[in-house]
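Here is a brisk report on one chain.

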Amino acid sequence: MTTVTETHDDHHDHGPAKGLMRWVTTTNHKDIGTLYLIFALIMFMIGGAMAMVIRLELFQPGMQFIDPSFFNQMTTVHALVMIFGGVMPAFVGLANWMLPIMIGGPDMALPRMNNWSFWILPFAFAMLLGTFFMDGGAPASGWTIYPPLVLQGGNGFPFMIFAIHMMGISSVMGAINVIVTILNMRAPGMTLMKMPLFVWTWFITAYLLIAVMPVLAGGVTMLLTDKFYDTTFFNAAGGGDPVLFQHIFWFFGHPEVYILILPAFGVVSEIIPTFARKPLFGYSSMVYATSSIAFLSFIVWAHHMFTVGMPLQGELFFMYATMLIAVPTGVKVFNWVSTMWKGSMTFETPMLFAIGFVIMFTIGGFSGLMLAIAPADFQYHDTYFVVAHFHYVLVTGAIYAIMASAYYWLPKWTGNMYNERHGQIHFWISTVSVNVLFFPQHFLGLAGMPRRIPDYSIQFAEFNMWSSIGGFVFGLSQVFFCYIVYKTIKGGEKATDQVWEGANGLEWTLSSPPPYHSFTTAPVIK
């Protein structure tokens with residue numbers, strides 16, 4: 001008797017393709033998931049190298065190493081690489097690997113489109129990174145690419161716009177694939193409310209992607225025509241409005257933040273029940289909370305724009321709507337803590353990263369609530385307080401969840417166990433250093449240090465020095481992470497079918513109500 005998860009493995013790849021061509025032409029969800037994850041790791045290291053350049057320049061006041069214009073190019077491309085090249089492809093890779101397995105399907109629904117949506121990405125990022133070598137360098141506008149600043153850029157500008165279009169096409173194709181797979185390919189008995197939470201969070205994320213990527217595409221196309229075709233969408237001299245771009249950008253940008261974090265919620269909702277050895281507390285409330293967050297993410301965009309001079313009624317609406325998002329997010333944190341409460345907890349590396357996620361993501365959530373208070377935001381806006389806030393959400397949030405998932409599923413993917421001691425060392429060095437890196441930035445911001453500047457006043461020197469030291473240590477510890485992943489893939493202790501000291505397949509049965517058939521004991525239902 002085969003089990004559901006064993007029925008279909010390399011079914012697309014029996015042709016003559018060998019070696020390199022196997023990876024270029026593959027339509028197997030596991031191969032494509034692996035490609036996404038490796039690509040994301042490479043981009044994570046490139047984006048991290050840019051962050052190191054930024055922190056090196058800010059190690060002490062005065063201009064030391066790089067030109068101010070190059071500093072601003074670094075902040076722009078660092079963010080684009082980390083968001084569109086690091087975090088998003090990593091979660092798409094996890095979706096490719098795990099969704100078919102979790103719903104008992106043979107593969108993703110649209111395997112050829114799946115291949116294409118991956119192979120667009122290396123070309124998009126080659127184009128984005130190529131802007132550094134063009135006349136005038138990469139755009140130096142920050143990742144928010146606001147006009148009129150971005151329109152002053154050199155020859156790299158249209159290439160960056162085209163790269164963003166390609167990333168968006170890749171994301172939309174991936175999202176369509178996820179939705180079709182989940183709606184059409186679930187095993188018999190796997191109703192929507194029996195799906196594991198990782199599947200649910202990706203299902204909702206995919207709808208967000210389809211809704212907002214075209215908005216970004218429209219905004220950057222308008223930028224392009226403003227620069228090259230004499231339109232004046234954002235040019236006040238021709239009757240346009242630069243603030244219009246901010247509305248378009250943030251109508252994409254705020255749901256984008258949840259696109260980056262919802263799959264992380266799913267990962268953590270898989271891991272915590274496994275290591276607490278009890279079912280997830282409040283499964284259905286987690287599903288509804290995720291849906292509520294996704295809905296609310298569309299009506300809060302202008303909290304990024306409190307300082308543009310909007311009417312008081314607008315500020316009040318966006319302030320209250322933003323605070324409302326804290327409610328379903330709080331429900332999720334409560335449920336994770338309740339799952340751990342009185343569980344038989346053990347603290348293997350995936351659980352450490354998951355607990356680190358819950359604690360530090362919550363810090364980011366609290367600073368987000370502070371930023372939601374419109375009159376206070378006038379002080380915080382465009383300072384390092386904002387930088388600290390979103391890095392707590394995205395580094396100790398999204399990236400920690402990705403690392404947790406890597407440690408959690410690597411034994412399942414490779415058949416090899418990672419080195420537990422190395423994993424724990426990686427966790428502790430990362431966690432200490434990431435807090436030394438980002439926590440002082442709250443104080444810098446409250447003291448008034450503006451973001452996106454290569455130099456600063458002398459009173460900010462000590463906190464910046466600590467922040468840079470934390471950054472260098474955090475960066476080096478990710479090189480160690482690459483080594484751990486490499487060693488696990490190459491070999492090591494063989495993983496058993498009882499990796500996490502529980503029934504084989506424990507992760508599915510704990511994270512959601514078990515389906516009518518068990519993945520591990522029941523035969524395939526015809």
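Asp382 is partly exposed, with a relative accessible area of 37%. Partly exposed lies between buried, under 20% relative accessible area, and exposed, over 50% (1.4 Å probe, protein chains only). This is a predicted model: local features need pLDDT of at least 70, side-chain atom pairs count only at pLDDT 80 or more, and totals for chains, interfaces and linings use all residues. Residues are numbered from 1 along each chain as its sequence is written, and side-chain values use heavy atoms, with hydrogens and water left out.

Asp382 sits in the loop between helix 11 (374-380) and helix 12 (384-414). Helices (H or I, at least four residues) and strands (E, at least two) are DSSP runs, numbered from the N terminus. Most residues other than glycine have a negative phi, and most peptide bonds are trans. Asp382 is not a glycine, yet its phi is positive, about 60°. Lys342 also has a positive phi of about 60° without being a glycine. Lys342 belongs to the loop between helix 9 and helix 10 (349-372).

The peptide bond joining Pro147 and Pro148 is cis, with omega about 0°. Pro148 is in the loop between helix 4 and helix 5.

The table sets out relative accessible areas.

| Residue | Relative accessible area | Class |
|---|---|---|
| Ser141 | 4% | buried |
| Thr339 | 0% | buried |
| Lys342 | 74% | exposed |
| Phe70 | 30% | partly exposed |
| Phe132 | 19% | buried |

Ser141 is found in the loop between helix 4 (111-130) and helix 5 (156-184). What does Ser141 touch, not counting residues up to four places away in sequence? Its contacts (heavy atoms within 4.5 Å) are Thr76, Tyr146, Leu149, Val150 and Arg452.

Thr339 is in helix 9 (residues 312-340). With residues up to four places away in sequence not counted, Thr339 touches Ile272, Pro273, Ala276, Lys278, Pro279, Leu280 and Phe281. Thr339 and Gly282 are 57 residues apart in sequence, and their C-alpha atoms are 8.6 Å apart.

## The chain as a whole

The chain has 15 helices and zero strands. Its radius of gyration is 23 Å, close to the 24 Å from the globule rule for 526 residues, so the chain is as compact as a globular protein of that length. That radius is taken over C-alpha atoms, and the rule is 2.2 Å times the number of residues to the power 0.38. Along the principal axes, the C-alpha atoms fill a box of roughly 70 × 50 × 45 Å. Buried residues make up 56% of the 526. Of the contacts between residues at least 6 apart in sequence, 82% join residues at least 24 apart.

## Aromatic rings

The structure holds 45 aromatic pairs. Rings of Phe, Tyr and Trp (its six-membered ring) pair if their centres lie within 6.5 Å; planes under 30 degrees apart count as stacked, over 60 as edge-to-face and the rest as tilted. The rings of Phe70 and Phe132 have centres 6.0 Å apart and planes at 55°, so this pair is tilted. Phe70 lies in helix 3 (residues 68-103) and Phe132 in the loop between helix 4 and helix 5, so the pair ties together parts 62 residues apart in sequence.

Phe84 and Phe252 have ring centres 6.4 Å apart and planes at 15°, so they are stacked. Phe84 lies in helix 3 and Phe252 in helix 7 (residues 242-276), so the pair ties together parts 168 residues apart in sequence. Both Phe84 and Phe252 are buried. Ring pairs link them into a cluster whose members include Trp143, Tyr146 and Trp250.
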